[in-house]
Number of protein chains: 2
Amino acid sequence: MEKLEQYQFSKRFDGVPLIGSAFAGEHPGLIPLAFGFPYPNSFSIDGLAEAAVKALKSEGTEALQYSGGPGQKKILEWIRERSKLRSIQVDTDQIMVTSGSNQGIDLVARTLTDPGDSVWVEAPVYFGALRAFYLAQNELTAFPVDEAGLRVDLIEEALIEASEGKRPMPKFIYVLPNYHNPAGISLSVERRKKLAELAYTYNFYIIEDDAYVELNFDGEFLPSIYSFGPERVIYMSTFSKIVAPGIRMAWIISDPEVLNRIKIVKTEGLTSVLMQEVVSCFLEKVDFAEHLKPLVAGYRMRRDAMVQAINDFFGDEVSFEKPEGGFFLWLTFPEKIDTTRLLHDAVEAGVSFVDGKSFYLDGKPTNNLRLAFSFCDEAQIREAIQTLAKVYQKQKRSVC
Amino acid sequence: MEKLEQYQFSKRFDGVPLIGSAFAGEHPGLIPLAFGFPYPNSFSIDGLAEAAVKALKSEGTEALQYSGGPGQKKILEWIRERSKLRSIQVDTDQIMVTSGSNQGIDLVARTLTDPGDSVWVEAPVYFGALRAFYLAQNELTAFPVDEAGLRVDLIEEALIEASEGKRPMPKFIYVLPNYHNPAGISLSVERRKKLAELAYTYNFYIIEDDAYVELNFDGEFLPSIYSFGPERVIYMSTFSKIVAPGIRMAWIISDPEVLNRIKIVKTEGLTSVLMQEVVSCFLEKVDFAEHLKPLVAGYRMRRDAMVQAINDFFGDEVSFEKPEGGFFLWLTFPEKIDTTRLLHDAVEAGVSFVDGKSFYLDGKPTNNLRLAFSFCDEAQIREAIQTLAKVYQKQKRSVC
C-alpha cells in the first residue's frame, strides 16, 4: 500500500474539542460532584426486570421487530397524560421518543438550521447542548440569566436590533426553564409568557429543555413555555432522571409539521421499540406519584446536605441561589477566584466539579462552578465541600 | 398572538421526500414482500427475557447509569472476536455500538463530509443509505453492479478522471458487499482488494455495510474489504438480523482517529448501556453457531421457496441472480415493463414489494424490483409470486 495522505474530515469539527474537556477524565478515587448522575439506589431494578419479562413475553414478537408494536403507543399515551401537568395539551402524533435529550437537541438543531445560522442560548448554558450547536455549525450568542432565569428583556432588545438588520435573527433560542443546568434557577412565569410571544412576533423557535421538571422539591409547578406558544416551542423532557439514564429514553413534543421533519432527520427510525415496551410495562405497574416520592426526597436531602455544608464551611464568602429542584448548585466565588485553577487543586485534593468556563461561549476564566448534588451520599457531599473550602482558602490567600 | 409567518427550515430537506415513499404505507391485508423484516418466530424471546433479568439483577446499577458498566466492554469483546471470521483484527477501542446501521451510516456521512461533497454509491443502492446522504447534502453519483458486485473497473476510470480534475473526487464510496440490498449479489474478492487499494491511492474512505454477512446459505465467507485496507475502510454490521431489529443495535469498526470523531457526532453518547448488557448476557448464554443454524435454515428455506415459485410461475420471462444469503431477491423483467406500474396493480391484488426506481438516483421507471423473502412463510411466498405473475401477464399484454 502507498503512504497515506492526510484526509480532510468535515469542517463541523473545527472548534469542537476532539477528546472531551478537562473534567471528562474522572479519577476513580475522587468524590464526584462533576456530573449529573442519579444516585445509585434510585433505580427500580426489580421493577424494570419484571417489566422486561412482561414486555418480552407478552409483546416480544412486535417489540423485537423493526417498527410498531403497542409499546410505542402506550409510552406516547403516558407522556401525553403526564404532560397535562405542564399545561401541555397534545395528541400522541405530536410526541416522539428519542435516545436521550441530547439526541433530541441535536435533531432539532439540524431540522431548524443550516451552517452559519444564528442560535441564541443562555449564559451559563448546558455544555451538551453547546456541543450539538457547534456540530450544527451554528453561530452562537449568549444572554445572561439572573435569579428569575433568562433575561428576556435583553432578548427583546436584541430581537428589535435584529429586526432593524443590525444583527442576525435567531433561528431558535435554547432555554432550560426549570432548575437550570448549571444555574439551578427557574424562569419566571412572566418571562415564559413574554418569550413565547416574542417567538411568534419575530418568527423563531424556542427549544424548551425540561429535563428536571419532575424533581421538584416544593411541589409547585410552573406552566411550560410550550403552553404559551405551542406553534413556536419545541418541548423536551426525559426518562433519564425519573427512570434511569441507561435506558436512553427522552421525548420531544412539537407541532406535527416540525415533528415530521425531525423524524426524517432521525435516520435510525424509532428508538428501541423493545425498550419503549419495557418502560411502558414499568410505568403501567407503578403508581407514578408514589414512585417519584422517594426520588424527590433523595435529591432534596442531598441538596439540603450541600447547602448546609456550604453554609458551614464557606459562610458568607460564596453566593448561590438555593435550587428548588434538579441536580445542580451554581456557586459564585469572589471575583479574583478562577475556578479552573480551583478545579486543578480540588482534583489533587480528591473532589471533582465542573468549572464555570465550560458553560460559557468565550472560554474565559470565571469565578463560578457547578456542583452536582445528585449522585453522592450526604457524608460524601459534606466531606467534598469541606475539601473544596480548604482548596478555596489556599487560592484566596495567593490572589487576595 | 399574531398571525404566524412561514418558517424557513434547514435546506437539508430540499429533495428529501417529506412523508416516506409510496411503498411505506403498508396495507394490513397485503402479503408483504416489501420490507426486509425478520420472520416472526426468528426471535429468541425466552432467551432475551432471561438475559434481561440477569443484566438488571447482576449489573443493573451500572447498566442503568449514564455510561460505562461492564456490558459495554463485553459486547465490544464479542464483536471483536466474531470479526475475526471476517478477517478483521482490531482492538475494542476500534469498535462502537450504534442504534442500528442506519444511524451508523448517518454518523459516518456527517463525520466525513460537508454539504456539496461528492459521495459515490452503487446502482442499485439501499434507499436508507441514500436518505442519510441526501440529509448530509452530499452530491451523489452511482456506479452499476453486475453479478460480481460493484463495477470497480468503472470506479477506477472515474477516479482517474477525478485525479485529472475532470470530476470531483469522492469523500467516500458506500458499498454493501455481501448479499446486496437490493441486488442479492456479492462483491468478488478481487474487486474488494482492488477497491481498498484505490481508497489508499486516491485518499477516500469506503463504508462497508455488512448487514447480512451472517445469513450465509452456503457457509463460504469472503474476506471483508476492511481486511484489505483497514485505514480507509469503515466497517459496519448489525444485531438486527441475528438477534432482533427492535433492540436497535449495530456496530462500526474503524481506525481510532475516525472513531473518535464519529463519537463526537453521536451527541447522545453511548447507545443504551442496559440494552448492551442484555444482549451481552444473551450472547454469553447461547452457543452462537447453534443459535444461527435455525435462522440461516429459515431464510434459506424462504429463499428456496421464492426461487421455486418464480421458476414455476414466470419460467424464462424474468431473470435474477440466486441470492446466496441475506433477505432479498432482485427480479428483472423484460424492458418494456415498468415496476412502479406493476406495484400499483400488485397492491390492488394483495402483494407488496419495492419498485426498482426507489434504488436509483434518477427516479426513472425501471424494469426491476426487490422482493424480500425474509418475513413471509413458504405458502405466502408462493401465493404472492403467483399473484405477481398474474399482474405481470396483464401488464405484458398491454405493453408488448
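**Close-up views of a predicted two-chain model**

**View 1. Pairing of strands β10 and β13 in chain B.** In this predicted model, strand β10 of chain B and strand β13 of chain B (residues 368-372) are joined by five bridges and run in the antiparallel sense. Within this pairing, B:Leu329 has B:Leu371 of β13(B) as its bridge partner. The two strands belong to an open sheet of three strands in chain B, whose order is β10-β13-β12 and whose pairing is antiparallel. Strands β10 (328-332) and β12 (354-355) of chain B form the edges of this sheet, each of them pairing on one side only. In general, the strands of a sheet pair through backbone hydrogen bonds, in either a parallel or an antiparallel arrangement.

**View 2. Crossing of helices α3 and α7 in chain A.** Helix α3 of chain A (residues 101-112) and helix α7 of chain A (residues 256-265) have axes that come within 9 Å and cross at roughly 110 degrees. Because angles of 65 to 115 degrees count as roughly perpendicular, α3(A) is described as roughly perpendicular to α7(A). On the α3(A) side the contact is made by A:Leu107, A:Val108, A:Arg110 and A:Thr111, and on the α7(A) side by A:Val258, A:Arg261, A:Ile262 and A:Val265. Sorted by class, the contact of α3(A) with α7(A) comprises five nonpolar residues, one polar residue and two charged residues.

**View 3. Packing of helices α5 and α6 in chain A.** Helix α5 of chain A (residues 152-163) packs with helix α6 of chain A (residues 189-202) at an angle of about 10 degrees, and their axes are 10 Å apart. Since angles under 35 degrees count as roughly parallel, α5(A) is taken to be roughly parallel to α6(A). From α5(A), the residues A:Val152, A:Ile155, A:Glu156, A:Leu159, A:Ile160 and A:Ser163 meet A:Arg191, A:Lys194, A:Leu195, A:Leu198 and A:Tyr202 of α6(A). This contact of α5(A) with α6(A) is made up, by class, of seven nonpolar, one polar and three charged residues.

Note on methods:
Residues are numbered from 1 along each chain as its sequence is written. Chains are lettered from A and ligands numbered from 1 in the order in which they are written. This is a predicted model: local features need pLDDT of at least 70, side-chain atom pairs count only at pLDDT 80 or more; totals for chains, interfaces and linings use all residues. Side-chain values use heavy atoms; hydrogens and water are left out. Axes are lines fitted to C-alpha atoms, for helices over the stretch in contact, and angles run from 0 to 180 degrees between N-to-C directions. Helices (H or I, at least four residues) and strands (E, at least two) are DSSP runs, numbered from the N terminus. Angles under 35 degrees count as roughly parallel, over 145 as roughly antiparallel, 65 to 115 as roughly perpendicular and the rest as oblique. Contact means heavy atoms within 4.5 Å. Ala, Val, Leu, Ile, Met, Phe, Trp, Tyr, Cys and Pro count as nonpolar, Asp, Glu, Lys and Arg as charged, and the others, Gly among them, as polar. Two strands pair if DSSP finds at least two bridges between them.
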